[in-house]
Amino acid sequence: MPANIRQYSKQQDEELLSAVARGDNRALDTLYLGYHRRLARFLARISPRYETVEEIINDTFMVVWQHAKEFRGASRVSTWIIGIAYRIALKSLRGNDGLMRAQSSDTLPEESFDPTGSAELRDWIGHALNQLPLEQRLTMELAYHMGHSIDEIAQITGCPPGTVKARMFHAREKLRQHLPALGGIAATDIFNDSPSL
Amino acid sequence: MNARNPTAEHHDIRELLPWLVNGRLSEGDCGRVEAHLRLCSACRDECAAQRRIYDVMSTDTAVEQMPMAGLNRLRQRIEEVERAVGLDAPPDPACPPDARRVNAAGSFRVRTAAIAASVIAISVALGMPAALRWNQTRHTSAAYYTMTTAAAQHPGEVIRAVFAPTATLSELQAILDDAHLKIVSGPTEAGVYSLAMTEPQSINWSLRRLRGHDTVRFAEALVPAPIPAPPP
């Protein structure tokens with residue numbers, strides 16, 4: 001079962017958020033514990049420091065606590081919460097050069113990675129993901145780890161669906177450069193971009 | 001009938017492949033992509049490659065996490081902010097009283113009341129002189145909060161706010177200028193500033209302006225201090 005499985009249904013999330021809006025601390029606790037793992041894994045892609053990850057999660061739920069009453073149901077609760085975390089994380093990173101391990105421009109070093117037979121596939125991909133610009137990496141995480149649709153990612157990141165698709169496309173292109181082979185299959189066999197209709 | 005240029009269609013489909021893999025394409029797009037895959041071996045290969053990446057990324061790793069420690073810090077932070085702001089919002093009938101502002105760790109106010117009670121008990125045990133010294137040093141209102149104690153208000157204070165610790169002085173000033181506010185007190189130990197208006201705008205307007213800034217972590221209007229009853 002993928003890791004993006006939700007621990008609470010959409011309806012449960014909305015009920016919890018309504019309770020939070022009424023000042024119910026226990027509902028906030030439930031929501032926090034329900035989202036902590038997902039957010040921690042997502043934010044770990046931004047910062048390797050657990051303290052930073054937790055700070056962003058707590059900032060996120062501080063905003064949830066203060067603004068729950070403003071949620072109008074225009075999006076899913078999960079999209080709303082993850083969108084808050086995304087914006088806080090980006091702001092945190094941009095305000096702290098020391099955390100800018102994640103690079104948000106296209107000025108990436110031309111670093112290549114050559115996985116050998118002894119490396120784990122997860123490590124290969126993790127290493128390759130770390131070479132991606134921040135927005136591309138997060139788009140990939142939102143799609144593949146958290147299982148969001150194009151429209152949901154557009155809502156979370158606050159950009160048009162076309163930008164989401166473009167970021168994902170460029171992320172895949174860069175992964176192609178950093179993953180010359182995937183699981184022992186030659187790159188040319190894995191990534192073939194010419195149409196063969 | 002599909003009149004699209006096959007190359008353009010091919011590129012459109014390639015952009016959608018990640019969402020075919022994660023199962024989040026719309027029904028219409030899903031049918032379109034699958035029809036294309038039946039004819040395009042390059043896209044089938046790309047789809048297979050993306051599926052392998054997805055399989056790895058969608059499998060959760062056993063990262064050690066401590067959500068309870070983080071939650072406790074969040075609770076403490078909320079309680080500190082609420083204490084500083086002196087929020088005593090009217091109870092919502094839809095929320096059971098026992099669920100309101102209550103958590104497993106106990107609310108700050110309950111804990112503070114317990115501490116205050118302990119202090120009184122210790123003072124009594126130590127004798128009246130100690131109790132008198134306590135009263136002399138705390139000759140103003142009680143420095144602890146109970147369920148009914150309102151926080152002291154500063155003259156002109158209408159809003160209390162908490163800003164991100166990373167906010168610079170110039171950022172802070174720009175935000176206050178934008179919301180037509182000025183600092184009359186603070187920050188407290190919890191980082192709370194007391195703000196007064198510089199222009200005759202509505203408090204709600206200033207609150208909206210404040211909350212529009214990402215640097216503002218918390219902003220609430222102050223409940224007006226009760227007017228003291230005239231002496232009998």
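From the N terminus, chain B runs α-α-α-α-α-α-β-α-β-β-α-β. Helices (H or I, at least four residues) and strands (E, at least two) are DSSP runs numbered from the N terminus. This is a predicted model, in which local features need pLDDT of at least 70 and side-chain atom pairs count only at pLDDT 80 or more, while totals for chains, interfaces and linings use all residues. Residues are numbered from 1 along each chain as its sequence is written, and chains are lettered from A and ligands numbered from 1 in the order in which they are written.

**View 1. Chain B as a whole.** Chain B holds eight helices and four strands. Of its 232 residues, 25% count as buried (20 or more other C-beta atoms within 10 Å of the residue's own; 12 or fewer is exposed, in between is partly exposed; C-beta atoms are placed from the backbone). Contacts are pairs whose C-beta atoms, placed from the backbone, lie within 7 Å. Among chain B contacts between residues at least 6 apart in sequence, 67% join residues at least 24 apart.

**View 2. The four-stranded sheet of chain B.** The open sheet has the strand order β2-β3-β1-β4, with antiparallel pairing. Strands β2 (181-185) and β4 (216-221) of chain B stand at the edges with a single partner strand each, so one side of each has no neighbour in the sheet. Neighbouring strands are turned by 35° against each other on average, direction ignored. Two strands pair if DSSP finds at least two bridges between them. Between β1 (residues 157-163) and β3 (residues 192-197) of chain B there are five bridges, in the antiparallel sense. B:Val162 has B:Val192 in β3(B) as its bridge partner.

**View 3. Helices α2 and α3 of chain A.** Two packed helices are described by the angle between their axes and the distance between the axes. Axes are lines fitted to C-alpha atoms, for helices over the stretch in contact, and angles run from 0 to 180 degrees between N-to-C directions. The axes of α2 (residues 25-44) and α3 (residues 50-67) of chain A come within 10 Å and cross at roughly 140°. The two helices, α2(A) and α3(A), are therefore oblique to each other (under 35 degrees is roughly parallel, over 145 roughly antiparallel, 65 to 115 roughly perpendicular, the rest oblique). The crossing of α2(A) with α3(A) is right-handed (the near helix is turned clockwise from the far one by less than a right angle; anticlockwise is left-handed). Contact residues include A:Leu28, A:Leu39 and A:Leu43 of α2(A), and A:Val53, A:Phe61 and A:Trp65 of α3(A). By class, this contact has 13 nonpolar, two polar and no charged residues (Ala, Val, Leu, Ile, Met, Phe, Trp, Tyr, Cys and Pro are nonpolar; Asp, Glu, Lys and Arg charged; the others, Gly among them, polar).

**View 4. Helix α2 of chain A against helix α4 of chain B.** Helices α2(A) and α4(B) (residues 67-85) pack at about 140°, with axes 10 Å apart. The crossing of α2(A) and α4(B) is right-handed. A:Asp29, A:Tyr32, A:Leu33 and A:His36 meet B:Pro67, B:Gly70, B:Leu71 and B:Leu74.

View 5. B:Gln201 sits in the loop between β3 and α8 (203-211) of chain B. B:Gln201 is partly exposed, with 13 other C-beta atoms within 10 Å. Beyond neighbours within four places in sequence, B:Gln201 contacts B:His180 and B:Ser206. B:Arg208 lies in α8 of chain B and counts as exposed, with 12 C-beta neighbours inside 10 Å. C-alpha separations from B:Ala179 are 9.2 Å for B:Gln201 and 8.2 Å for B:Arg208.

Notes:
Two residues are in contact if their C-beta atoms, placed from the backbone, lie within 7 Å.
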